[in-house]
Amino acid sequence: MSELSEHSGRPGLRKDGSRKGAAAVRPAATISPARAAAFAILEQVENSSAHSDDLLHGPLMVGLSQADKNLATTLVLGVLRQQISIDARIRPLLQRPEARLASPVATALRMGAFQLLHLDRIPAHAALSESVELARENGHPHAAGMVNAVLRGLTRAAAPRKPLVESVAALAERLGHPSWLVERWVKHYGRAAAEKIAEYDEQEPGAGDLFERSEDGPRMDDGSRLVAELAAACVEAPKRIWDCCAAPGGKTMVLAARHSAAELLATDVSGRRLRAMETRLRREMPAAKVRMLEADVARLAESEGEFDLILCDVPCSGTGTLARNPEIKLRLEPAEFSRQAKRQRDILAAALKRLAPGGRLVYSTCSLEPEENEAVVAAVLEKMSGMKRVGVETALQKLTLRGDVSGLVREGNLRTLPGVGFQMDGFFAAVMKRSAR
């Protein structure tokens, strides 16, 4: 996390995002409902393992007008996307730049700075005065003057210019990413691609430009949909399909649409996510024939048999989705990749055992990291006989797309990079085949 964060001595959080032992977060007379909600959500993201997407659809948003919901969402996601670069702009204006501020003070500063630097339609006096009040109302009245002074100083400070020669660390700070993560991307994909990925992550994701838009199709990112369409195209007419890590359900809906005659089983280890997926399917695709089952991949009942097509879209670090899930980059540590890889190898090995002779399995992640992708596939296939990797090119050629995706193929695997070539999240997909008996 940023140096502006306070890591020690934090009071606990209530479910609504307020602090135990302190006054509940509430809109004061001079704080708008949108900013009060955004502040509470940012505090909960900062001080717990909560996810912004869940909170932005949770109790803290209930009762807000649509305009206030829109502003609160913009503030939350904007601050999280820009947090590292905002902290870098704020730090020189502090009397003690090395000091760690109390979390509510840092959050109030970040909210004010984001509005002043990135939201042209927000009056500067509103951004400034309400940030001061947020610090005052949430247990830090003594910091109100400092918040006021820093934000006023920010309005007078000249915007930093991009240097002619920019180090990777400086690039990462300017674009709001941990330098160690950008250095990895430079190593694996090159400097230009790494910069485009980071630039993409700083913006609200667009509608995408790879597929024709359809009102009756699932609402999902182009990268996620491309993986699902690729999987559907791998087998001509499968009789049995298993989406083994199915929630939140977008890829399941694509499989159901492309193979409506197949028996489709969708499982997930999380009952809560599976119930949310069931609600989504009823709302967005009521005619879909999908059997849902709460199950761990490795513990699927033997009576379920084998499948002609398996989609194995495993849990991962999510570094390909930072534009949608910006708090990931604020929490991520390098050790996470190896931790995820162990779980991914276990899931893939278990899923491959249920693949019918001649069948295809598509392994996918929304991670940009080789440890979670190529390395996982190689490690699992090395220990399993009768399985081999096949290139994705044939399946991709069957798809109707608005653009040439040949550049998305790397050594026979699918690899999308955010903001590079197409406007989509970062995904990896590899196809495996079981030999006929």
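Author: A helix axis here is a line fitted to C-alpha atoms over the stretch in contact, and the angle between two axes runs from 0 to 180 degrees between their N-to-C directions. The model is predicted, and the pair to look at is α5, residues 124–137, with α6, residues 144–156. Their axes are 8 Å apart and meet at an angle of about 155°. Angles over 145 degrees count as roughly antiparallel, so α5 is roughly antiparallel to α6. The crossing of α5 past α6 is right-handed.

On the α5 side, the contact is made by Leu128, Ser131, Val132, Ala135 and Arg136. On the α6 side it is made by Ala144, Val147, Asn148, Leu151 and Arg152. By class, the α5 and α6 contact holds 6 nonpolar, 2 polar and 2 charged residues. An α-helix has 3.6 residues a turn, so residues three or four places apart point the same way. The numbering of the contact residues can be read with that in mind.

Glycine 153 is 59 residues from leucine 94 in sequence, yet their C-alpha atoms are 9.8 Å apart. Leucine 94 sits in the loop between α3 and α4. Its relative accessible area is 8%, so leucine 94 is buried. Methionine 146 is 58 residues along the chain from glutamate 204, and their C-alpha atoms are separated by 31 Å. Glutamate 204 belongs to the loop between α9 and α10, and with a relative accessible area of 66% it is exposed.

Helix α3 covers residues 66–90, and α4 covers residues 103–118. The axes of α3 and α4 are 8 Å apart and stand at an angle of about 95°, so these two helices are roughly perpendicular to each other. Among the α3 residues in this contact are Leu75, Val79, Gln82, Ile86 and Arg89. Those of α4 include Leu109, Met111, Phe114, Leu117 and His118. The residues of the α3 and α4 contact divide into 9 nonpolar, 6 polar and 3 charged.

Helix α4 itself has 16 residues and reaches 22 Å from its first C-alpha to its last, close to the 22 Å expected. Of those 16 residues, 13 are buried, so α4 is largely enclosed by the rest of the structure.

In α9, the buried residues are Ala193, Ala194, Glu195, Ile197, Ala198, Tyr200 and Asp201.

Two backbone details elsewhere complete the tour. Most residues other than glycine have a negative phi, and most peptide bonds are trans. The bond from alanine 247 to proline 248 is cis, with omega near 10°, and proline 248 is in the loop between β1 and α11. Glutamate 411 is not a glycine but has a positive phi of about 50°. It is placed in the loop between β7 and β8, and at 72% relative accessibility glutamate 411 counts as exposed.

Terms used. Residues are numbered from 1 along each chain as its sequence is written. This is a predicted model: local features need pLDDT of at least 70, side-chain atom pairs count only at pLDDT 80 or more; totals for chains, interfaces and linings use all residues. Side-chain values use heavy atoms; hydrogens and water are left out. Helices (H or I, at least four residues) and strands (E, at least two) are DSSP runs, numbered from the N terminus. The expected span of a helix is 1.5 Å times one less than its number of residues. Buried means under 20% relative accessible area, exposed over 50%, partly exposed in between (1.4 Å probe, protein chains only). Angles under 35 degrees count as roughly parallel, over 145 as roughly antiparallel, 65 to 115 as roughly perpendicular and the rest as oblique. A crossing is left-handed if the near helix is turned anticlockwise from the far one by less than a right angle, and right-handed if clockwise. Contact means heavy atoms within 4.5 Å. Ala, Val, Leu, Ile, Met, Phe, Trp, Tyr, Cys and Pro count as nonpolar, Asp, Glu, Lys and Arg as charged, and the others, Gly among them, as polar.
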